[in-house]
Amino acid sequence: MSDSGAVDAEGEAGEAVAPPPFEPVRVVPTRPDGWPDWLGRRPISLADRDRILKDLSADQEALDAAKRQDGLRLAPLFSSVTIEGFGGQGDLRKVARLRAAINAACRVAAGDRRTSYHATDERITIGIAGPDARERIAVLRRQLAKIGGSRSWTITEDLN
């Protein structure tokens, strides 16, 4: 120790001042399962845990059943239209333009409704979901008549 440190440790009367007492480290109690018991609570018994889990699962099953019933009652109708007769046209650019016009008409008719689209070389099937799906399919059918004109397309509808 330096001279100044010795003076500090001795105090004013020349007696040595004892350092502060050592504070022990706080020991965290442990639960019977070995984890620390930070909150001082007793662990839950297995019977209580099973009872709580059973009550929660019963509530969840009732909620799921209610959601299913609401889902069935509020399920949107789904209507579709199928256009056949694209094959046999020699000009591929013309077919591509027709398909693009049909896609645009579908987007306009569907608006913000959910749609489905399935296309092959010979046919295109377009579906629209929603409570007003029939009206939207009717609008799409009118637009297809303007696009198709005198073409030999076969247009079939599946209205639900």
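Is Glu84 buried or exposed, or something in between? Glu84 is partly exposed, with a relative accessible area of 25%; buried means under 20%, exposed over 50%, and partly exposed in between (1.4 Å probe, protein chains only). The model is predicted: local features need pLDDT of at least 70, side-chain atom pairs count only at pLDDT 80 or more, and totals for chains, interfaces and linings use all residues. Residues are numbered from 1 along each chain as its sequence is written, and side-chain values use heavy atoms, with hydrogens and water left out.

Consider the sheet. Four strands form an open sheet in the order β2-β3-β1-β4, with antiparallel pairing. Strands (E, at least two residues) and helices (H or I, at least four) are DSSP runs, numbered from the N terminus, and two strands pair if DSSP finds at least two bridges between them. Because β2 (115-119) and β4 (154-158) stand at the edges with a single partner strand each, one side of each is left without a neighbour in the sheet. Strand β1 (residues 78-84) runs antiparallel to β3 (residues 123-129), and seven bridges join them. Thr82 has Thr125 in β3 as its bridge partner.

Next come the salt bridges, each a side-chain nitrogen of Lys or Arg within 4 Å of a carboxyl oxygen of Asp or Glu. The structure holds five. In one of them, the side chains of Glu84 and Arg123 meet at 2.8 Å, N to O. Glu84 lies in β1 and Arg123 in β3, so the pair ties together parts that are 39 residues apart in sequence. Arg123 is partly exposed, at 38%.

A network of salt bridges links Asp112, Arg113, Asp132 and Arg136. Within this group, Asp112 is exposed at 66%, whereas Arg136 counts as buried at 17%.
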